[in-house]
Amino acid sequence: MSDTPTSGGGHAHTPDPALDTASGIAAAVRAGDRSAEEVFRAHHERVLAHTEADVDLNVFNTLTADEGLAAARALDARIAAGDDPGRLAGVPIALKDNLCTRGVETTCSSKILQGWVPPYDATVVERLEGAGAIVMGKTNLDEFAMGSSTENSAFGPTRNPHDPERVPGGSSGGSAAAVAAGYVPLSLGSDTGGSIRQPAALCGVVGVKPSYGSVSRYGLIAFASSLDQIGPFTHTVADAALSLSVIGGHDPADSTSIRSAFPPVLQHLEDGIEGLRVGVIGELSGDSALEGFEPEVLARTTAAADALAGAGAKVETVSVPSTVAGLSAYYMIAPAEASSNLARYDGVRYGHREDGVNTRAMMAASRTAGFGEEVKRRIMLGTYALSAGYWDAFYGRAQRVRTVMIREFDEVYANFDLLLSPTSPCVAFPLGEKSDPMTMYLNDVCTIPSNLTGQPAISVPFGTDDGGLPIGVQILAPYGGEVDLFRAARALEDLAP
Amino acid sequence: MSAPVSTVVTGDATSLGYDPSTVGRSDHAEDGQVLPGDWEIVVGLEVHAELATETKMFSPARNHFGGEPNTHVHPVCLGLPGTLPVVNGKAVELSAKIGLALNCTVQRCIFARKNYFYPDMPKDYQISQYEEPLNVDGFLSLPSGSTVRIERAHMEEDTGKSTHMGESGRIHDAGYSLVDYNRAGVPLIEIVSHPDLRGPEQAKEYVEELRAILVAIGASDGKMEEGSLRVDANVSIRPAGSDELRTRCEVKNVNSLRSLGRAIAHEAKRHLALYEAGERPMQETRHWDEEGGKTHPGRSKEEAEDYRYFPDPDLVPIEPSPEWIEELRASLPVLPQQRRAALVAAGADAKAADLALDRGLDGLALAAVDAGADAERVFTHVANNLAVDGAESLDAGHFADLVKLESDGSLSATQAKQVLAEMVSSGKAPADIAADLGFEAMDTSELATMLDAIIADHPDEWQRFCEGEGKLQGVFVGQMMKATKGQADGKVVNQLLMERKNSA
């Protein structure tokens, strides 16, 4: 076990580029330097080592070590037979437990789906496995991806590898922690309001929410369909680009999927940032930042902006006022869609069922017992927002705010190629600290705009606070602007302390 | 679901495509007799038709009636977590064709979710269209002359079927329920009329005409008994001549045209009784009870659903191009209304035209008439002798030839009927069949010789016939038929008989 504690009692893994990156592993396995089985066993042993040392970060809902080992052996046999094993040959991966996996329980960390085994694979799972990746397990999340700390899980909270007394962020906390702890070099999460980028920041890894429609949602259990996007967690920007090149591009099973291939991010990764115009979002940075931003977070963002300027980018501060209104719009639109998306969990066909005197009573009892508090809160909020008489004031108005926001970002992007902000207003916070839902919701202020606009954003680790807790910086790009986004992220990665 | 609408019609016939004075007109005497003369019935219909596609509306599962429960299913139409809908292009095409046949504007449209909990609906919401449906603002001209305006015709998905295992077969006191999702996700079009119908008979006429259009387009099999065509009736009544729209009740569970008529009449009378008692009907959904011959309330008001419609974020708008719409318009078959008009123009009366349409023999009949066959004989055969399987594949040229043989006296009516039956089963030409059957046309002079012999054998009868005892004509014709074993053409015999009488 190669753990290098980075803070008191930490269990974060310091990656070795050859052994711990997806590209490094795939290159070695493809070249026959390492077997897929050997790689998989090594990573599985890290999981076991933690468990044996009584370090339970509660990352996995389900470990698929046996199936993974069998898949690794099958891959090795294919390589021996001269087959092309794929671009992610032998790369162990973890999947957020809201991604459907044929034959493997998929729960959304909810009691209501406990025991449900999908008869099909999500498109991203098919594509990853088709490229030779090997699934280590399904990771914990805030129930149905509703939350920012992974504390809203029916199976207990996931702990931050950098400090097990702190949250990993959420909702994809399990997937972020899986990479940070060195269990896998690549995991997938879903991002509806920051659920990839915020935990990436809090766990000190790279996390990407690509443009809406650039990665198929088929097989992603919906939270809010117009906002949900799947994306990767990795140690490096290059790995994130590689994984998106594999999972991205058109899928006929998702009507909202883009009609083209994923932008050529790998080809332009090393193009540098000279001449790129970067706007630092005023509302989220420096002295003009809203209340509630930790000074060290603001300082790291300023440092990142300075570093980019030093590397040749044209950096300026720019105001994007609708950023703030986005939060309110988000907390209308996302629950509204969720209230409809989560209606199907009624106890009739699958999942948790309680007895009732009639069908309606059975449905109500099953939902009452099966859903956790936060999920119920959002279903009620969303139901209310869509109700006759309130529709226009809530859902309708939120959609209009969204339209205004998209226009405002378009205007800003007329003068800038990219935008910059912190990923999260704060570093990883102690478990149980943010018990008030409103405090927790405010934590998403930096990440929500990209979901409402459908635009891509990435969180790149950029140093730590005094206590050694990771801080992430977010780069945002216009719709489909992944090439510039990755160029800048790759440059920032090299500039990070 | 239909928005309140005004019955006031503005505009002129040329811009509307129909004569406004034909809207809301009552054409059926029976309809006027359901209520006392100072009241009139106001009906708007919502017709759901299952579209005849290979696969379901948003899922690759097969669209097929029946089958073992839960065998025509797929993760998508079962609404399994993580699945996403993809629109069936064929369903959109058929829906747009229906819209064009109903004179609708086919427009950019979006899908919406209609949210309510029900066990036979896998997602607990139905994907339908609410704002911005595919087809709007059309009309249907009824054979009897009136016009029914179409508010909209939108696409949606069907639900599954619940079987409630309990004494009443109703969900309230079921011990348990079984659900079959074979039908879940089957493509539907919902055709919503304005409240332009004035009674049970007109409502039935509308549904029959609509059904004929759906079948003609190949969009639906239109089978009410299998549930592929379902009708909900919004019924209200008002003082005759008034323009007001009073509180309506939506009557569901109407499974045949006959039930539709009965349900509307019953519901109208129920409203009348309420008004006469100084009460008012409540706006509600009511179920037709076929055995009891009455409607009873469905969901109570407290349980009234708020469907919380919102645009389905899993689907993108459909934007029909003008070129595509014109392509579809050009591909439409000749519709029943036009076919009926063509039949009448060719010499059919209304009844014969309907029979020809019902039997799908209008094309055959028209082709035969075109080929020079006598129209009256053609429609007589269609009405009386062609209600058989295979008639629709009869060769029109052969059919015309048969009628000509009959007209020129080569075949008697009895012989022609026999030959026609053989034509349907063998596909052979009528002359060949007649020859095979020995139906040689008898030479007129040969017949004249035979007739003279018979006259000579019956001098008394001949005397009385010539003196005006007309009924004796039958005796001579009968003798001729007997002598020729039925092969003589009755017309020729009669003609000869008259010639002999006139020269006697």
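A crossing of two helices is left-handed if the near helix is turned anticlockwise from the far one by less than a right angle, and right-handed if clockwise. The structure is a predicted model, in which local features need pLDDT of at least 70, side-chain atom pairs count only at pLDDT 80 or more, and totals for chains, interfaces and linings use all residues. Residues are numbered from 1 along each chain as its sequence is written, and chains are lettered from A and ligands numbered from 1 in the order in which they are written.

**Exercise 1.** Describe how α8(B) and α10(B) cross.

*Solution.* Helices are DSSP runs of H or I with at least four residues, and strands are runs of E with at least two, numbered from the N terminus.
- Step 1. The axes of α8 (residues 362-370) and α10 (residues 396-407) of chain B come within 8 Å and cross at roughly 55°. Axes are lines fitted to C-alpha atoms, for helices over the stretch in contact, with angles from 0 to 180 degrees between N-to-C directions.
- Step 2. α8(B) is therefore oblique to α10(B) (under 35 degrees is roughly parallel, over 145 roughly antiparallel, 65 to 115 roughly perpendicular, the rest oblique).
- Step 3. The crossing of α8(B) and α10(B) is right-handed.

**Exercise 2.** Locate the pairing of β5(A) with β10(A).

*Solution.* Strands pair if DSSP finds at least two bridges between them.
- Step 1. In chain A, β5 (residues 206-209) and β10 (residues 457-464) pair in the antiparallel sense over three bridges.
- Step 2. Gly207(A) has Ser459(A) in β10(A) as its bridge partner.
- Step 3. Both strands belong to an open sheet of eleven strands with mixed pairing, ordered β1-β3-β2-β4-β6-β5-β10-β11-β9-β7-β8 (chain A).
- Step 4. The edge strands of chain A are β1 (60-63) and β8 (314-318), each pairing on one side only.
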